[in-house]
Amino acid sequence: MDRLDNTIRPYAWGSPTAIPHLLGTEPTGEPQAEMWMGAHPGAPSRTDRGTLVEVIDADPEKELGPAAVAKFGPRLPFLLKILAAGAPLSLQVHPDLEQAKEGYADEERRGIPVDAPHRNYKDANHKPELICALTEFDGLCGFRDPLQAAGLLDDLGVDSLKPYVDLLHAHPEDAALREVLTAILTADPEEMSRTVAEAATACTRLGGAYAPYADIAHHYPGDPGVIAAMLLNHVRLQPGEALYLGAGVPHAYLNGLGVEIMANSDNVLRCGLTPKHVDVPELLRIVRFRPSDPGVLRPEASPGGEELYETPIDEFRLSRYVLPQAGSAHDLTRATPQILLCTAGTVRAGEHDLTPGRSVFVPAGEKAEVSGTGTLFRATVVA
């Protein structure tokens, strides 16, 4: 197996301290948002044999296994991350596989450069994802019941929000949610900025359930995404709990440290809380306008000490092992590729000692025996 040397991305919303604290390194004073583990061409992990992209390209069937190559092609189909949110991320949604293929083909036909700021589809893949909390973790996930959202907005006492409150009482629910989100994102920018400022003042005054939105408004003053965020469920994960985010579900991470895994894609449609491009018509085509429970996941015990986070897709499979004592070994050998990530304690993986934030790549079929005392996440595929 290969020890991984991973890139840390310094996005502005990242925490300056969370990832350094996990790794046991000194903070630099700059934000450290995500540590990427995998073979994404934007920041592939490095090994003694070259980048993980180079290692896999040299012999896909040996590294990934015949079943994974047959199902997903000669590439690692997932990207594993440690994500450290010190400020809210953009409010966003991801396309399903068919929408991604259509959108990518359309933008290719129109000759839009893949790095253009107004391009929506960087690839032809979908981007389901799972976030598992390592600390308390706040996020927004899926639409609230429209009547609950109406009550939340109405209690702010902001006159310019009254039309949205009235719309949210209409039927059917999906049409009400669509009309309100459309109205928010297409409102006059100056008028919306004043509305957001009034709403932010009210959120600060009221506190409690409004506190997350006061914080969002502090980071994104005047952004229509502040009002759009109030249409969504707020959820606070405890360590070990997770959220699965499928296609069309609007969401945003607000604060906390977690392990994230996703299909290997860059396709994001933004709804707000960002200076980046917001394509309202395309966004409205992708969003699924139905209220839903956030669906907090807790790991399900499997044989051999594995705790599995069940998801409905095959590009990734995330589980964890909480190893209670040194000396007891677990055989994690699989016919599919794996990345093993330590998040607590010290775990021996083959010849490698893993401390928090350290990881290894295990080629398909390679012997993978682990022992020690700590917490180990395993990322692989279903093939």
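A residue is called buried when its relative accessible area is under 20%, exposed when over 50%, and partly exposed in between (1.4 Å probe, protein chains only). The views below show a predicted model, in which local features need pLDDT of at least 70, side-chain atom pairs count only at pLDDT 80 or more, and totals for chains, interfaces and linings use all residues. Residues are numbered from 1 along each chain as its sequence is written, and side-chain values use heavy atoms, with hydrogens and water left out.

**View 1. A salt bridge between R298 and E241.** A salt bridge is a side-chain nitrogen of Lys or Arg within 4 Å of a carboxyl oxygen of Asp or Glu. In this pair the N to O distance is 3.0 Å. R298 lies in the loop between α12 (280–286) and β14 (300–301) and E241 in the loop between β10 (232–237) and β11 (242–245), so the bridge ties together parts 57 residues apart in sequence. Helices (H or I, at least four residues) and strands (E, at least two) are DSSP runs, numbered from the N terminus. E241 is buried, at 13% relative accessibility, whereas R298 is exposed, at 53%.

**View 2. A salt bridge between E34 and K81.** The side chains meet at 3.0 Å, N to O. E34 belongs to strand β3 (residues 34–38) and K81 to strand β6 (residues 78–85), distant parts of the chain, 47 residues apart. Both residues are buried.

**View 3. A salt bridge between R320 and E307.** The closest N and O atoms are 2.6 Å apart. R320, in strand β16 (residues 317–323), and E307, in strand β15 (residues 306–309), are 13 residues apart in sequence. R320 is buried, with a relative accessible area of 19%, while E307 is partly exposed at 22%.

**View 4. Residues listed by UniProt under "binding site".** The unreviewed entry names Q92, H94, E129 and H251; such annotations may be inferred rather than shown by experiment, and their positions are given in the numbering used here, with feature names shortened. Although spread over 160 residues of sequence, these residues cluster in space, with a largest C-alpha distance of 12.3 Å. H94 sits in the loop between β7 (91–93) and α5 (97–109) and is buried, at 1%. E129 is in strand β8 (residues 129–133) and is also buried, at 2%. A polar contact is a pair of N or O atoms within 3.5 Å; within protein, one must be able to donate a hydrogen and the other to accept it, and residues adjacent in sequence count only if both atoms are side-chain atoms. The side chain of H94 makes such contacts with the side chains of H251 (3.5 Å) and E129 (3.2 Å).
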